[in-house]
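Hello,

Here is the structure for you to look at. Please open it first, then read my notes below.

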Amino acid sequence: MSRSNYIFTSESVSEGHPDKVADRISDTVVDAFLSVEPEARVACETLVTTNRIVLAGEVRAGKPGASKLENKALTKEIVRSLEPKVRQAVKEIGYEQKGFHWAKAKFACFLHEQSAHIAQGVDASDKKDEGAGDQGIMFGYATDETPELMPATLQFSHNILKRLAEVRHSGECAALEPDAKSQVTLRYEDGRPVEVLKIVVSHQHAKRIGLQLATPKRVHDLIKPYVESVFPEGLITKRTKWMVNPTGRFEIGGPDGDAGLTGRKIIVDTYGGAAPHGGGAFSGKDPTKVDRSAAYACRYLAKNVVAAGLARKCTIQISYAIGVAEPLSFYVDLHNTGEIDPAKLELALPELIGGATPRAVREHLGLNRPVYARTAAYGHFGRQPDNEGGFSWEKTDLVDELKSLA
């Protein structure tokens, strides 16, 4: 039996965290390819460290029916255009530090053509539909404990860092630097968050706040009002424990303080530990990679189930084999909160998105667009769909259809 009274914690990291810098760069590469060729293939890994940016991985531009020479020429052209885009991404995050500077960091690109053996399994042909880009399991989750239908511990952790990024970028808090982490611990009663027990924020800062040397207490006093503003009234109490820069001064940060790699914050990117994870990262991958597109589809379906009032919580798992279009399995768990038989949803939900094949998922959610750099920080889920097609998996346009099932 699931517990209704418990304590739970989730963390988030800012856009300036080294791993998130790497994610942002990798997704900038994805967007660069998709903006030229919507059918491009990208698997880009990024390493960032002290004044160095390194790209590696496999790419291919051009449609499967085009000649090899045409595809190679287009691929090389896009690769040559990447450096200024990557530097602009780092600039937008805010890195102009001695140890990591958007204009001065050394740039190296080792992207090469996608393996022909992988391509033959993924590409569609006269005899088969487009196959999954890899084997694996993917999960989606939704819960009604927040308006975003996300776990509250994670949503509040994201919101803290988003708010602090806003005041940093605007200049309102000029002493704040890009690298930061947050962590929120909530007490739950009857499955609902009722009290914030602990708030942890580690935020990189300048040597001075105004005319005074920056200390943990001064950083605490600077950021506390902004942090408090993201919580509903009453959740923070006298018992709430605050820990701001608990190790002391935090001046050396970002890739200069710790190397960053693409795909190392998969729990931050998804559900903060409140739901299972299949293990595959999102950033740097084009939407034929089911690690990304199928996880988006599972979130889309789970969110619509909860938004339709069919359950308070919903977890969905889907699995694929490389080169095979049809899912191997589809599983729904309503956590004993459902108003409908999960087995009925297991039959109906895949059909709402064309059988949940990789191509059907991409077409239903419009994933072949350059919309991925915006996903690289503050979570891929719990966001608002935008006019350019970003976060299309957050739409709740299946609600009426799902209500009719019940």
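**Ser157 and its surroundings**

Apart from neighbours within four places in sequence, Ser157 is in contact with Ser10, Glu11, Ser12, Ser182, Gln183 and Val184. Keep in mind that this is a predicted model. Ser157 sits in helix α5, which covers residues 152–170. Is Ser157 buried or exposed? Its relative accessibility is 0%, so Ser157 counts as buried. One of its contacts has a distance worth checking on screen. A polar atom of the Ser157 side chain lies 3.5 Å from the backbone nitrogen of Val184.

**Asp27 and Arg292**

Now go to helix α1, residues 18–36, where you will find Asp27. Asp27 also has 0% relative accessibility, so it counts as buried. Which side chain does the side chain of Asp27 meet in a polar contact? The partner is the side chain of Arg292, at 2.9 Å. Leaving out residues up to four places away in sequence, Asp27 touches Ser283, Gly284, Arg292, Tyr372, Ala373, Thr375 and Ala376.

**The loop between β10 and α7**

Next, look at the loop that runs from β10 (236–244) to α7 (254–257); Asn245 is in it. Asn245 has a phi near 45 degrees, a positive value in a residue that is not glycine. Most residues other than glycine have a negative phi. Asn245 has a relative accessible area of 2%, so it is buried.

Gly248 belongs to the loop between β10 and α7 as well. The cut-off for buried is under 20% relative accessible area. Gly248 comes to 18%, so it counts as buried. How far apart in space are Gly248 and Thr215? Their C-alpha atoms are 7.3 Å apart, while 33 residues separate them in sequence.

**His335**

His335 has a positive phi too, near 55 degrees, and it is not a glycine. Find His335 in the loop between β13 (329–333) and α10 (342–352). His335 has a relative accessible area of 28%, so it is partly exposed.

**Helix α11**

Helix α11 spans residues 358–365. Which of its residues are buried? They are Pro358, Ala360, Val361, Arg362 and Leu365. What do the buried residues of α11 pack against? They pack against α9 (290–307) and β12 (313–320). Just after α11 comes Gly366, with a positive phi of about 60 degrees.

**The whole chain**

Now zoom out.

- The chain has 12 helices and 13 strands.
- Its C-alpha atoms fill a box of roughly 70 × 55 × 30 Å along the principal axes.
- A compact globule of 406 residues would have a radius of gyration near 22 Å, and the chain agrees because it has 22 Å.
- Of the 406 residues, 55% count as buried.
- Take the contacts between residues at least 6 apart in sequence: 71% of them join residues at least 24 apart.

Start with Ser157, then work down the list.

Best wishes

Technical notes
Residues numbered from 1 in each chain as written. Predicted model: local features only at pLDDT ≥ 70, side-chain atom pairs only at ≥ 80, totals over all residues. Heavy atoms only, no water. Helix = DSSP H or I, 4+ residues; strand = E, 2+ residues; numbered from the N terminus. Rg over C-alpha atoms; globule rule 2.2 N^0.38 Å. Buried < 20%, exposed > 50% of the residue type's maximum accessible area, 1.4 Å probe, protein only. Contact = heavy atoms within 4.5 Å. Polar contact = N/O pair within 3.5 Å; in protein donor to acceptor, adjacent residues only side chain to side chain.
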